[in-house]
Amino acid sequence: MKAARRQRSPARFDFAQGKAQLRCYSQRMVLNLLIGTVVISLTVLVHTFGLIAVTHAMGYLVARFRMHGRRSRTVAMISIVTGLFAVITTEVWLWAGLYLLLDIFADFETALYFSTITFSTVGYGDIVPAHQWRVLAALEGVNGFLLIGWSTAYLVAAGTRIGPFKAGEHF
């Protein structure tokens, strides 16, 4: 005797539930973009004023430490690299603090680790944020990419203007 096969009726799409899910996703996306825009604006301000401070500190240190009557180009580059590292570190910590504030990660160490690998665009993938915060993490990656690029441009400009790589001296 053959077993009677039960036919399944095709699943019906619940439009009301679909609209509610879409609304929820849209609200999360807007929240991610809004928070990301605020934090990106803050990091751009930190970067701008940080580079101004690095420039002033470098000028002070170069004037203070002269080698053989000349400005010390080595001191200039060391002060710029150290200053850029401090500025970028501040920005990474700002993102990590946000993740902790939003309760995306359980502890600051995890938030800082995630922020560092995301900001630097390394992105190991061993730690990931909750599904609803993925766009915010992506925004940090773009933010880091741009600010690290800006720092590189600043470093190259300083190296050719006052540092050890003055145009025409070595190449």
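Predicted model: local features only at pLDDT ≥ 70, side-chain atom pairs only at ≥ 80, totals over all residues.

Tyr-99 touches Ile-104, Phe-105, Ala-111, Phe-114, Ser-115, Leu-136, Ala-137 and Glu-140, leaving aside residues up to four places away in sequence, where contact means heavy atoms within 4.5 Å. Residues are numbered from 1 along each chain as its sequence is written, and side-chain values use heavy atoms, with hydrogens and water left out.

Is Ser-115 buried or exposed? Its relative accessible area is 0%, so Ser-115 is buried, a word that here means under 20% relative accessible area with a 1.4 Å probe and protein chains only. The side chain of Ser-115 reaches the backbone oxygen of Val-92 at 2.9 Å, and Ser-115 also touches Trp-95, Ala-96, Tyr-99 and Glu-140, again not counting residues up to four places away in sequence.

Now to the core. In the largest nonpolar core, which has 18 residues, Trp-95, Tyr-99 and Leu-136 touch the most other members; such a core is a set of buried Ala, Val, Leu, Ile, Met, Phe, Trp, Tyr and Cys residues joined through side-chain atoms within 4.5 Å. Helices α1 (15–64), α2, α3 and α4 each supply at least two residues of this core, and α2 gives the most, with six. Apart from this core lies another, of eleven residues, among them Leu-51, Met-58, Leu-84 and Ile-162.

Finally, the pockets. A pocket is an open set of points on a 1 Å grid over the protein atoms alone, where a 1.4 Å probe fits, with protein on both sides within 12 Å along at least five of seven lines, and lining residues have an atom within 4 Å of a point. About 210 Å³ of space lies in the largest pocket, a volume being the space filled by probe spheres set on the points. Of its 13 lining residues, Leu-84, Phe-85, Ile-88, Thr-89 and Val-92 are the closest to the centre. Which helix gives the most to this lining? That is α2, with seven residues.

Conventions. Helix = DSSP H or I, 4+ residues; strand = E, 2+ residues; numbered from the N terminus. Buried < 20%, exposed > 50% of the residue type's maximum accessible area, 1.4 Å probe, protein only. Polar contact = N/O pair within 3.5 Å; in protein donor to acceptor, adjacent residues only side chain to side chain.
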